[in-house]
Amino acid sequence: MGIVNVTPDSFYDGGRYRAQSTAFEHALQLIREGADIIDIGGESTRPGALPVSIQEECDRVLPLLEKLIQETAMPISVDTRHAVVMQEAIRLGASIINDVAALTQENALEVVSKHPVKVCLMHMQGLPETMQQKPHYENILEEINAFFVERLQACEQAGLSRQRIWLDPGFGFGKTLEHNLMLLGNLSFFQTLGCPLLVGLSRKSMFGALLNRAPEQRLPASLSAALIASLQGVACIRTHDVAATRDALSVMKAVQPHCKETLSVRTA
Ligand code: 7PM
């Protein structure tokens, strides 16, 4: 899954249009690099980010979505927490809703359940504004698992069947470095729920904390983390670097048929 952000920093005349056309070109590039899905987002969920109005989010995401649907055959995912954006995105042809709030916001569950789209439910402790202040868990694996069980129940009650759901433990969303490492080393823990797993690790600040690298220098770390996730059966890797991630996963896939034992991370 290739990431395309439409979050212009500048609001001078034409800033939005430039952000749109740049984002479209970027999406085409990720498709050429071998993406299976393009994920577009218009609201920054960065810790401490300023909120964006729903109108602004729609104005950023929907024209790009429409253009990608018209001009490519790629499945498009929309990264949003808001039911209005979900509704409009689905109407325009989005096939996946990627929700960092796991359909907890008003009407989100109702909108998604009514349409035959897939949805990614991500775990987050707290809210983006404050989530990195003091993340705390007694047992992170059990607590995230319980959260998934609760959301899966809520979805099934709303008529959204499990076959349409992907799960994501939400790296960096209310997690310390230790928490992120515990999750990365134990992703197979969540495989018992029977839903495909998706992870977003690309250039995240956990690698800055671990290696003292700026975002531009986090590609090798991100690739190694993507591989660790894939070896635990994670179905989808959300990344800024599609070509490099494809190569890393291709090496793994080429080796797998030659393995006398299953090529996997040992947990015991
Ligand atoms: C600034 C900081 C901008 C962090 C954007 C981010 C995930 C996601 C994001 C994830 C799923 C990023 C994040 N992360 N959706 N959206 N899983 N499903 O690093 O981990 O891309 S936004």
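Phe 147 and Phe 148 are both buried (buried: under 20% relative accessible area, exposed: over 50%, partly exposed: in between; 1.4 Å probe, protein chains only). The model is predicted, so local features need pLDDT of at least 70 and side-chain atom pairs count only at pLDDT 80 or more, while totals for chains, interfaces and linings use all residues. Residues are numbered from 1 along each chain as its sequence is written, and side-chain values use heavy atoms, with hydrogens and water left out.

A search of the whole structure gives three aromatic pairs; rings of Phe, Tyr and Trp (its six-membered ring) pair if their centres lie within 6.5 Å, with planes under 30 degrees apart counted as stacked, over 60 as edge-to-face and the rest as tilted. Two of the pairs are listed here.

| Pair | Class | Centre to centre | Angle between planes |
|---|---|---|---|
| Phe 147 and Phe 148 | tilted | 6.2 Å | 55 degrees |
| Phe 189 and Phe 190 | edge-to-face | 5.6 Å | 85 degrees |

Phe 147, Phe 148, Phe 189 and Phe 190 belong to one aromatic cluster. Phe 190 has a relative accessible area of 0% and is therefore buried, whereas Phe 189, at 31%, is partly exposed.

Glu 43 lies in the loop between strand S2 (38–41) and helix H2 (54–71); helices (H or I, at least four residues) and strands (E, at least two) are DSSP runs, numbered from the N terminus. Glu 43 counts as buried because its relative accessibility is 12%. Leaving aside residues up to four places away in sequence, Glu 43 touches Thr 7, Val 52, Glu 57, Arg 81 and His 82 (contact: heavy atoms within 4.5 Å).
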